[in-house]
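Biologist: I would like to learn how to read a fold. Can we go feature by feature?

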Amino acid sequence: MAGVLVFLGLLLLLGGGAVAGARFVPVDLFFLDSVAGAKDFLATDMALYAGGGGAAAGLLLMILGFATGGKKAKPAPARSAREPARAAPKQQPQQRAAPQPASKPAPQPSSKPAAKPAAKPAAAPPPKAAAKPSASSKPPANGQDEAPTWTQDPRLTNRKRVSDIVSINDALKAYHAKNGKYPKADGLKGFPDRGKAWIPGLAPEFIAELPRDPAESRSGPQYVYASNGTDYKLLAHGVSLVGGTNVEVLGVKIDPSKSTTAENAAFGFWTAAFEKV
């Protein structure tokens, strides 16, 4: 196939070159007298273009013929010579490895190893069983009685309370900015007394959901709120400050009117008129 392309390309190159060059080279074209209009055609620009195009096509065919004819003979002998040489050493280590495991299991059925495992399990289980419960008795007890959560750490618990109180107070400010007053609620009460909407009208427009104290109880810690519309008081009430961090951040204040102690304190936000509510 490559030889055919080269041959055809050579014919086109020679023929096209002759047609194109007939216009510039003085050649006696007497053999074209029998062909009507042949000499006139060779003197035109069309003959020049046709001859040049034919020569270019012939040159392209020759290049393709040479390119396709030189790629087939090289890769085949190089691969066939190397592959058998590489395949032979791979099989040899596999045959040598086979007899090795056959020699190891032979000494195992002897009488000596049979006596050793019988003596070890009798003495080993008592000390191991005693050591494991002593080291693992405490962690399982904590995990089974109550999974460790942030509520078991006073510092994290009070940080959560501060975060909740600040979020609620921001919602109260947004409510006041829109309505010109605070949500009305009589007495310092929270979720145990008022339910989910323990600050009326605040959620979900100004806060997605009203938070609740992580250790909430009717007689213990809870978030409470009171307002007459003009003034308000918002507290985390009945909480312990023992072992906790400073909660007076982001404007949060400890309420001195609740006879504050480290074990029973209240902190939050309020207006001046409701300081002693």
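Modeller: Start with a hairpin: S2 and S3 form one, with four residues between them. Gly229 sits in that turn and has a positive phi of about 100°. Helices (H or I, at least four residues) and strands (E, at least two) are DSSP runs, numbered from the N terminus. This is a predicted model: local features need pLDDT of at least 70, side-chain atom pairs count only at pLDDT 80 or more, and totals for chains, interfaces and linings use all residues. Residues are numbered from 1 along each chain as its sequence is written, and side-chain values use heavy atoms, with hydrogens and water left out.

Biologist: How many bridges join S2 to S3?

Modeller: Two strands pair if DSSP finds at least two bridges between them. Six bridges join S2 (residues 222-227) to S3 (residues 232-239), and the two run antiparallel. Gln222 stands opposite His237 in S3.

Biologist: And how many bridges join S1 to S2?

Modeller: Two, again antiparallel; S1 covers residues 185-189. Ala185 stands opposite Ser227, and Lys189 has Tyr225 as its bridge partner.

Biologist: What is the strand order in the open sheet?

Modeller: The order is S1-S2-S3-S5-S4, five strands with antiparallel pairing. S1 and S4 (253-254) stand at the edges with a single partner strand each, so one side of each has no neighbour in the sheet.

Biologist: Which helix packs on the sheet?

Modeller: Helix H9 (residues 154-179) does, touching S2, S3 and S5 (265-270). Contact means heavy atoms within 4.5 Å. The direction of H9 makes about 165° with that of S3. Axes are lines fitted to C-alpha atoms, for helices over the stretch in contact, and angles run from 0 to 180 degrees between N-to-C directions.

Biologist: Is Asp164 buried or exposed?

Modeller: Buried means under 20% relative accessible area, exposed over 50%, partly exposed in between (1.4 Å probe, protein chains only). Asp164 lies in H9. Its relative accessible area is 7%, so Asp164 is buried. Beyond neighbours within four places in sequence, Asp164 is in contact with Pro211, Arg212 and Tyr223.

Biologist: Which way do the residues of S2 point?

Modeller: In a regular strand the side chains alternate between the two faces of the sheet. Here Gln222, Val224 and Ala226 point one way, while Tyr223, Tyr225 and Ser227 point the other way. Six of six residues in S2 are buried.
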